[in-house]
Amino acid sequence: MRLSKLFTRTTRENPADEVSVNAQLLERGGFVYKNSAGIYTYMPLGFRVLEKIKAIIREEMNAVGGTEMLMPALIDKKYYEAAGRADIKVGFKTGDDNFILGWSHEEILTAMAGRYTSSYHDLPFAAYQFQTKFRNEARAKSGLLRGREFLMKDMYSFHADEGDFLDYYAKVGEAYRKIFERCGLKAYYTVAAGGDFTTSNTHEFQVLTKAGEDLILLCPKCSWAINTEIADEKSCPKCGEELVEEKSIEVGNIFPLGTKYSEALNLQFTDAAGEKKHVVMGCYGIGLSRVLGTVVEVHHDDRGMIWPRTLAPFRAHLIALPGGEQEAEKLYDPGSMLYDDRPDKSAGEKFADADLIGCPIRLVVSKKTLEHQGIEVKKRGAEESKIVPLTELAAMLQ
RNA sequence: CGGGCUGUAGUGUAACGGUAGCACGAGACGUUUGGGACGUUUUAGUCCCGGUUCAAAUCCGGGCAGCCCGACCA
């Protein structure tokens with residue numbers, strides 16, 4: 001993409017009233033636009049990052065047999081009423097009393113599953129979606145970390161019995177590890193309480209950051225962790241090491257639903273012995289926008305964002321300086337490069353923008369580099385740069 | 001939902017109750033050209049409603065909005 005064609009613009013100043021790093025940098029770089037507290041538009045650069053996160057999650061969910069679908073955001077209250085959650089205060093009302101802006105989709109999917117689930121032959125299955133969730137948070141805060149409208153991947157699994165569920169639960173937990181690792185996040189598998197549900201076997205994926213609003217007790221030796229909401233242990237039950245309290249942000253969670261929803265919405269199947277049983281369910285969520293914000297919290301410096309290669313809006317940021325314009329046009333690859341072709345911007349301004357936007361590699365073509373038949377290559381976050389022969393650039397970007 | 005703080009051009013900020021100013025951005029012209037360059041010039045603003053006052057960005061009341069602390073949080 002050419003910067004001359006990108007309609008967003010960076011700003012030199014942090015937005016007033018914005019304290020969290022992710023909100024400051026994402027807004028300054030033109031990745032997001034805050035429309036209201038906790039409500040953001042993903043501008044082109046931010047959207048590209050979001051799509052990369054989505055692609056990683058999609059791959060890993062498909063790999064554990066998840067099937068993608070898309071449910072409505074506007075949900076008939078009857079679904080929530082069936083499980084006794086219609087009055088929950090995090091919901092947004094709409095102009096029609098019968099409809100609520102959806103904040104979770106257990107009920108609606110459980111209700112729909114009834115049409116397709118008759119026998120144990122129909123089980124197990126897992127379905128997921130990427131969807132905008134609405135939560136009437138009493139206090140939206142910390143940029144993308146706690147929004148009133150946010151993008152979430154939610155998956156629900158349906159099983160004939162607890163054992164089958166537990167096997168799957170472990171598989172999804174492993175998939176989540178891969179997802180966060182691929183997103184450049186060190187996420188700790190943390191024992192937690194799942195709201196209305198059992199305190200056993202519910203887990204959160206927590207990333208350590210000062211911007212986080214959760215507190216976990218973490219074992220520095222074996223990485224076992226537990227949310228302080230449900231524990232005040234002093235030492236690790238796995239290895240005995242003393243636990244350390246850390247601030248963290250929950251980027252994902254997985255938890256058992258048991259038969260809560262299958263009973264509430266009467267989702268039953270016939271087992272091999274011909275008996276009717278309630279389906280055993282699990283639920284698995286990842287907040288994409290929260291992942292986006294967390295990555296910025298973790299990967300930045302005083303000049304701007306430093307995107308992991310897997311999520312960067314573009315692999316490289318190509319800058320044309322005087323004398324290098326023609327060569328830059330030849331090198332420009334629209335698929336992988338953000339190309340600063342603006343003729344009226346000073347070198348310093350282009351460098352500052354490149355640092356702020358944070359693509360992994362910065363490429364500069366100028367009279368100076370062409371005197372060496374080369375292009376300057378600098379990694380974001382590194383101090384040194386080097387001149388690479390033009391003929392070797394393509395290989396280097398692999 | 002309690003508490004605190006704050007609302008001024010696109011952005012960031014000034015202005016004792018008395019002419020709304022500065023910087024950045026954006027536009028024009030010229031000079032520049034490897035770390036946010038310079039000159040000239042143009043552009044654009046007091047969140048909303050009411051009150052006090054000769055006079056309100058400023059004081060008062062009420063809204064609305066934003067941020068922070070707490071409570072809450074599938």
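Here are some questions and answers about the structure above.

Visitor: What kind of model is this, and how are things numbered?
Guide: Residues count from 1 along each chain as its sequence is written, while chains are lettered from A and ligands numbered from 1 in the order in which they are written. Local features need pLDDT of at least 70, side-chain atom pairs count only at pLDDT 80 or more, and totals for chains, interfaces and linings use all residues, since this is a predicted model.

Visitor: Is Leu 101 buried, exposed or partly exposed?
Guide: Leu 101 sits in strand β6, residues 99-101; strands (E, at least two residues) and helices (H or I, at least four) are DSSP runs, numbered from the N terminus. Buried means 20 or more other C-beta atoms within 10 Å of a residue's own, exposed means 12 or fewer, and partly exposed is in between, with C-beta atoms placed from the backbone. Leu 101 has 19, so it's partly exposed.

Visitor: How do α1 and α7 lie relative to each other?
Guide: Helix α1 (residues 21-28) and helix α7 (residues 288-298) have axes 8 Å apart, at an angle of about 100°. Axes are lines fitted to C-alpha atoms, for helices over the stretch in contact, and angles run from 0 to 180 degrees between N-to-C directions. Under 35 degrees counts as roughly parallel, over 145 as roughly antiparallel, 65 to 115 as roughly perpendicular and the rest as oblique. So α1 is, relative to α7, roughly perpendicular.

Visitor: Which residue in β2 is the bridge partner of Val 32?
Guide: Strands β1 (residues 32-36) and β2 (residues 39-42) pair in the antiparallel sense over four bridges; pairing needs at least two bridges found by DSSP. They make a hairpin with two residues between them, and Gly 38 in the turn has a positive phi of about 75°. In β2, the partner of Val 32 is Tyr 42.

Visitor: Which residue in β23 is the bridge partner of Glu 376?
Guide: Strand β22 (residues 374-379) runs antiparallel to β23, and five bridges join them. Within β23, the residue that partners Glu 376 is Ile 387.
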